[in-house]
Amino acid sequence: MGLLAFLKTQFVVHLLIGFVFVVSGLIINFIQLFTLLLWPINKQFYRKVNCRLSYSLWSQLVMLLEWWSGTECTLFTDQETVAKFGKEHVVIILNHNFEIDFLCGWTMCERFGVLGSSKVLAKKELLYVPLIGWTWYFLEIVFCKRKWEEDRDTVIEGLKRLSDYPEYMWFLLYCEGTRFTETKHRISMEVAESKGLPKLKYHLLPRTKGFTTAVQCLRGTVAAVYDVTLNFRGNKNPSLLGILYGKKYEADMCVRRFPLEDIPQDEKEAAKWLHKLYQEKDALQELYKQKGVFPGEQIKPIRRPWTLLNFLGWATILLSPLFSFAFGVFASGSPLLILTFLGFVGAASFGVRRLIGVTEIEKGSSYGNQEFKKKE
């Protein structure tokens, strides 16, 4: 085992990475708070500033995937589609099977210059998660309670507010509403059977309201829908903890572009279109299981250095005073100071672990266990 491989497995190194992410995130959130003063003066400038501040935080997670673990992401698509990446507003539909599916999406956003301006339809609980939810608030992310009767007006208002967004944005939709588990899948397929819909093997039944509303509200702004079907070679099921330990994965993403004008404007027809899309996604996953590849040309976008440079910059700024402070604490010989410092380290470790826990499938929401039984 080389030195770098050894360091990747050490808890103290993970703690330092977490320290840089958390403290830099708090600094960024503090700066974002003051950018609210820009909103009434120049809304578009406020948005551009916050895109770059958000990039400085999110790119640290992308750095872990690309540079720390060395995970490779391969696109299965065509050059004509790739040529449009980062040059148009789009809605992204991604399957929600893995703990790091969002991270694979973010690394593609980063490589095509839209990481800072990327959007998502997120569950409202995330708004209260430090760093993640706070940063999203300043990015005008649309939050929902996943109860359409309560969400309708909020979602429509939030989507329409993005119609004049100055940076090209990729708006992510997890149409399944929650991460795939066997329990949720079983209940979902019972609902599919009761509604006379074809059963899916690798996906949950898609929730159509969010999709049809997003397409309707963003029509005229968004140019296309990108359908992204993700899987990992070797039947791997990666985790954010695995990434932190430096485990390398190979992600494959089949990307299909659908011009927005090809999607029906009628809500019921658009819902049928989405159900058909998920049947096609299911067929793509079956093909991948059999052959180990998706159809289409294999394209590996070039990894950019900015995520690494951004992290190294923050690490230089934040770790130097931390090391000096720690040295001073232990040099003082004061049991009270030392115990206080160790208590801080323990609390920081707990906080970082809690943040990682947000991504874990077994700690995901119960949404879907009961909600699929209700009428959409």
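Which residue does the side chain of E250 meet in a salt bridge? The partner is R233, with 3.7 Å from N to O. Keep in mind throughout that this is a predicted model.

E250 sits in strand 7, residues 250–259, while R233 sits in the loop between strand 6 and helix 10, so the pair ties together parts 17 residues apart in sequence. Neither end is hidden: E250 counts as partly exposed at 34% relative accessibility, and R233 counts as partly exposed at 24%.

Strand 7 takes part in another such pair. R256 forms a salt bridge with E280, and their closest N and O atoms are 2.7 Å apart. That one links strand 7 to helix 11 across 24 residues. E280 is partly exposed, at 26% relative accessibility.

In the whole structure, the search finds 23 salt bridges. One of them joins the side chains of R47 and D164, at 2.9 Å from N to O. R47 belongs to helix 3, residues 43–68, and D164 to the loop between helix 7 and strand 5, so this pair ties together parts 117 residues apart in sequence.

On to the cysteines. How many disulfides does the structure hold? The count is zero. For C109, the nearest cysteine sulfur is that of C104, 11 Å away. C109 is buried, with a relative accessible area of 6%. C144 is likewise in no disulfide, and the nearest cysteine sulfur, that of C175, lies 12 Å away. C144 counts as buried as well, at 9% relative accessibility.

Next, the second largest pocket. Its volume is about 550 Å³. Of the 20 residues that line this pocket, N97, F98, Y202, N231 and N235 lie nearest its centre. By type, the lining divides into six nonpolar, nine polar and five charged residues. Helix 8, strand 6 and helix 11 each supply at least two of the lining residues. Helix 11 gives the largest share, three residues.

Last, the annotation. An unreviewed UniProt entry places the feature "domain: Phospholipid/glycerol acyltransferase" at residues 90–212. Over that stretch the chain is 41% helix and 14% strand. The C-alpha atoms at its ends are 14 Å apart.

Note on methods:
Residues are numbered from 1 along each chain as its sequence is written. This is a predicted model: local features need pLDDT of at least 70, side-chain atom pairs count only at pLDDT 80 or more; totals for chains, interfaces and linings use all residues. Side-chain values use heavy atoms; hydrogens and water are left out. On a 1 Å grid over the protein atoms alone, a cavity is a set of points where a 1.4 Å probe fits but cannot get out, and a pocket is an open set with protein on both sides within 12 Å along at least five of seven lines; lining residues have an atom within 4 Å of a point. Grid points are joined across faces, edges and corners, and a volume is the space filled by probe spheres set on the points. Helices (H or I, at least four residues) and strands (E, at least two) are DSSP runs, numbered from the N terminus. Ala, Val, Leu, Ile, Met, Phe, Trp, Tyr, Cys and Pro count as nonpolar, Asp, Glu, Lys and Arg as charged, and the others, Gly among them, as polar. A disulfide is a pair of cysteine sulfur atoms within 2.5 Å. Buried means under 20% relative accessible area, exposed over 50%, partly exposed in between (1.4 Å probe, protein chains only). UniProt positions are given in the numbering used here, feature names are shortened, and annotations may be inferred rather than shown by experiment. A salt bridge is a side-chain nitrogen of Lys or Arg within 4 Å of a carboxyl oxygen of Asp or Glu.
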